[in-house]
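Me: Please take a close look at one strand and its pairings. Keep it brisk.

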Amino acid sequence: MRMIVNFFLSLAVLAALLGIVYLYFFKRKKKKKGPMIADTPSVVVAINKIAELATACYFGEKIILKRKNFLLGDELCIIAKGLVRAGYNLKELKPGDVSIKKDVVTVRLPKVEILDVIINPSDWDFYVEDGNWNDEIRDIKAEAKKDFMKDAIEHGILEKAKRNGERKITALLLSLGFKGVVFS
Amino acid sequence: MCFRKKNSRQLLLTRERLRELTSVSDLSTTEYTVEKIVKAVDTASAFKRYLAGERKVLYSCKIYIKAGIDMKKYDPDKTEIDLSTMSISITLPKAGIISFDMPAEEQDMEYTKVGLMRRRFSATESNELLVQGEKSVYEAIHEMGILEDAERNTRDFFSAALYQLGYHIVNIKFEAI
């Protein structure tokens, strides 16, 4: 009787062990699904000294819907997130653009401009891809970038960047010992 | 080929477009241009690869990373001015990453090879590969030394500006944290 109990007990332990081993390998295999990339280095090819003061930022999200090949019903639906930054390129400031009279500093700032329109790969959410859109995607992404920039300008990013920039530069110059700041 | 997320069509139709315009105060002083080769690994079994052919794609990408300081964190109370000697000492916020841009127009497919019995890479799959490339560069940023360069360039920028504003002795420090 005792031998039979021991036999079934051993069997149960063995089954549990096999189960754990199976689950471990099964889970490891599951993780490998989907396309993967090889480990390649990130190479710095240029280092630039810049002087950009971003003073306004626009964040937008839009749905892009495209259709082609009506017989097959090819359809693409993407949700894209875009970031637009605007401000001043202070590299354009020339020595004559800043003048001081007693305690008052006069600054001629360059024009505000769009500094970046950023849509990284992780900002694209491919919701539906019926058919293959790999050949068109580059143009679709370029179009979206232009749209985000247009939206940001329409929503007054440049005006906000100018207003905010003058306020920030005034605050900074006052903290540096000046009594007044004039923008020309 | 269809790549559709289940049960989320309803959500898409009711989703509102989001827009937000905010004030920032980021001074970027350094820009790194990084090149990355995104090489897809064929995860199919050796048997499948032998029978149906391989599935390969190679992208070369450029990434622009800007670093500098967030002037919103600048504390004017930490600025010390001595007008008798025309000296100034300012403490600036620690340098950080301001922007990370991996533009689509600089993601070039350099090579692709797909076996006759295998399906082409879809736009969704290509983007998944590029997301992994983006993540890999982002994780490597701190090893590139961009923040050290940003502090050096920020120091140069403020020194030049303060000398131009009439100060003779300029001391620039960065916050410890």
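Reply: Two strands pair if DSSP finds at least two bridges between them. Strands (E, at least two residues) and helices (H or I, at least four) are DSSP runs, numbered from the N terminus. This is a predicted model: local features need pLDDT of at least 70, side-chain atom pairs count only at pLDDT 80 or more, and totals for chains, interfaces and linings use all residues. Residues are numbered from 1 along each chain as its sequence is written, and chains are lettered from A and ligands numbered from 1 in the order in which they are written.

The part in focus is β3(A), residues 74–89. Its antiparallel partner β2(A), residues 42–68, is joined to it over 16 bridges. Within that pairing, Ile64(A) has Ile78(A) as its bridge partner. Five residues separate β2(A) and β3(A), and the two form a hairpin. In the turn, Asn69(A) has a positive phi of about 50 degrees.

Val84(A) stands opposite Val117(A) of β6(A).

In a regular strand the side chains alternate between the two faces of the sheet.
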